[in-house]
Amino acid sequence: MSKPHTLPPVKPTLLLILLAAACLSSCGQKPSQSASTGNEAKPGKKIVVGFSQIGAESAWRTAETESIRSEAEKRGIKLNFSDAQQNQQNQIRALRTFLAQNVDAIILAPVVETGWEPALREIKKANIPVILVDRGIKVSDESLYTTLIASDFVNEGRLAAEWLGKRLNGKGNVVELQGTPGAAPAIDRKKGFEEGLAKFPEIKIVKSQSGDFNRAKGKEVMEAFLKAEGKNINALYAHNDDMALGAIQAIEEAGLKPGTDLIIVSIDGVKGAFDAMVAGKLNCTVECNPLLGPAAFDAIEAVLAGKSVPKKTVVKDEVFDQSIAKDVIASRKY
Ligand code: GYE
C-alpha cells in the first residue's frame with residue numbers, strides 16, 4: 001500500500017475546505033467492523049497484509065508459513081512477515097508495527113491463548129481486520145478479531161485416544177508429550193485425549209510434560225520419561241509429529257523398538273510422520289492441515305470487499321495409521 005499518498009499542490013484556502021470536509025465525514029464516527037472500514041481494497045491498489053507467525057518449531061509450522069507466503073504471492077498481495085521465535089511479546093510488537101504501517105489486514109497465528117486484548121483493541125480502533133489462523137485465543141470481546149480458521153484440536157485428541165485405546169486393547173501405561181504451555185492445541189489436545197481415554201479406565205497416563213512442539217525437546221523429555229518409567233511404558237501420545245520423531249530417537253537409543261515395544265500416536269500428519277510409519281516406527285498420526293493460505297486470503301479478500309465471513313472455519317482432519325501409510329505417502333502435500 002502506498003500510504004501516505006503524494007498529493008498535487010493545493011492552495012491553502014482549498015486545503016482548509018478539504019480538511020473541514022474530511023473531518024465532517026469522519027470525525028465522531030465510531031469504527032465498526034461490519035460497516036465500511038476504510039480499509040476496503042481499492043481497484044489497482046496492492047493489498048498489504050501483516051503476518052505474525054509463531055516461529056519454525058515444527059514441519060507443520062514451516063508448511064503453514066509456506067502456504068501463506070505462496071498464496072500471497074499468487075494473489076499479488078504484499079506480505080509483511082514477522083517470525084516471533086515462540087515469544088508472545090515479539091508477536092505483540094509485530095502487531096503494533098503492522099498497525100503503524102497501516103496494513104490492510106493482519107494474519108495472526110497466536111502462540112498462546114491469552115494476553116492479546118490490549119494490542120487487538122488498538123488494531124480494532126484502526127479498523128484493521130484480524131484473521132486468526134491455526135490457534136484460537138481467549139478474549140472477553142469476540143469482536144476483537146474477525147475470524148478464526150483452525151482445526152478442532154479437542155477432536156484430534158479424542159481421535160488419538162480412541163485409536164490408542166483400541167490398539168492397546170483397553171489396557172496400558174501411556175506417556176504424553178504436550179505442546180507449548182498455554183497454546184490452544186496443547187490445552188485442547190490434552191483435554192480431548194483425556195476425554196477419549198475415559199472409555200478405557202485401565203489405560204493410565206503415567207507421565208505428562210511439555211516438549212514445546214519441537215523435536216529436540218521431544219527427545220529430551222522422552223529420555224527423562226524412559227529413565228523414570230523404563231519398560232513400564234506401553235505407549236506414547238505426542239501432541240505433534242515432531243516431538244514423536246524426537247522421542248523415537250530417544251527410544252532407539254534406549255535399546256527399545258519404537259512402534260513395537262512402544263506404540264506411538266501423534267498429531268499433524270507431516271511427511272516425516274509418514275516416513276516413520278512406513279519404517280514401522282510410528283503407529284498412527286491424526287492429521288492437522290497446515291495449508292491455510294487459500295482460506296486465509298479468501299477471508300481477507302471477502303472482508304476487504306465488505307462481505308461478511310463466518311466467525312470460525314473448522315478445518316477437517318483424518319486419522320492415518322501405519323496400515324495405509326505406504327499407499328498414501330506419495331499424495332501427501334506437506
Ligand atoms: O500441530 C504443531 C505446531 O498450532 C496446530 O503448532 C498448530 C500446531 C501444530 O507447531 O506442530
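What percentage of the 334 residues in the chain do buried residues make up? Buried residues make up 50% of them, where buried means under 20% relative accessible area, exposed means over 50%, and partly exposed lies in between (1.4 Å probe, protein chains only).

Good morning. The structure is a predicted model, in which local features need pLDDT of at least 70 and side-chain atom pairs count only at pLDDT 80 or more, while totals for chains, interfaces and linings use all residues. Residues are numbered from 1 along each chain as its sequence is written, and side-chain values use heavy atoms, with hydrogens and water left out.

I begin with the chain as a whole. Its secondary structure comes to eleven helices and twelve strands; these are DSSP runs numbered from the N terminus, with helices (H or I) of at least four residues and strands (E) of at least two. The chain exposes about 15600 Å², and carbon and sulfur atoms supply 55% of that area, as computed by the Shrake-Rupley method with a 1.4 Å probe, where for residues only the protein chains shown count as cover. A contact means heavy atoms within 4.5 Å. Among contacts in the chain with a separation of 6 or more, 76% are between residues 24 or more positions apart.

I turn now to the aromatic rings. A pair of aromatic rings is described by the distance of the centres and the angle of the planes. Rings of Phe, Tyr and Trp (its six-membered ring) pair if their centres lie within 6.5 Å; planes under 30 degrees apart count as stacked, over 60 as edge-to-face, and the rest as tilted. The structure holds three aromatic pairs, and I shall describe two of them.

In the pair of phenylalanine 51 and phenylalanine 81, the ring centres are 5.5 Å apart and the planes stand at 65 degrees, so the pair is edge-to-face. Phenylalanine 51 belongs to strand S1 (residues 48–53) and phenylalanine 81 to strand S2 (residues 78–83), so the pair ties together parts that are 30 residues apart in sequence. Phenylalanine 51 is buried, at a relative accessible area of 0%, whereas phenylalanine 81 is partly exposed, at 29%.

The other pair joins phenylalanine 193 and tyrosine 237, and it is stacked, with 3.8 Å from centre to centre and 15 degrees between the planes. It links distant parts of the chain, 44 residues apart: phenylalanine 193 is in helix H6 (residues 184–197) and tyrosine 237 in strand S8 (residues 235–238). Phenylalanine 193 is buried, at 0% relative accessibility, and tyrosine 237 is buried with a relative accessible area of 0%.

Rings may also have a charge over them, which here requires NZ of Lys or CZ of Arg to be within 6 Å of the ring centre and within 35 degrees of the ring normal. The charged end of arginine 69 sits over the ring of phenylalanine 81, 4.2 Å from its centre. Likewise, arginine 332 lies over the face of phenylalanine 320, at 4.8 Å from the ring centre.

Strand S8 brings us to its partner. S8 and S9 pair in the parallel sense over four bridges, given that two strands pair if DSSP finds at least two bridges between them. Alanine 235 stands opposite isoleucine 263 in S9. How many of the six residues of strand S9 (residues 263–268) are buried? Six of the six are. Ile263, Val265 and Ile267 cover one side, and Ile264, Ser266 and Asp268 the other.

Lysine 219 is in helix H7 (residues 215–229) and counts as buried at 19% relative accessibility. Leaving aside neighbours within four places in sequence, lysine 219 is in contact with Gly246, Ala247, Gln249, Ala250 and Glu253. Of these, glutamine 249 is in helix H8 (residues 241–253) and is partly exposed, at 36%.

Finally, the backbone. Most residues other than glycine have a negative phi, and most peptide bonds are trans. Aspartate 134 has a positive phi, near 65 degrees; it lies in the loop between strand S4 (130–133) and strand S5 (147–151). Asparagine 169 also has a positive phi, near 50 degrees, and its place is in the loop between helix H5 (153–167) and strand S6 (172–178). Are these two residues buried or exposed? Aspartate 134 is buried, at 4% relative accessibility, whereas asparagine 169 is exposed, at 70%.

Thank you for your attention.
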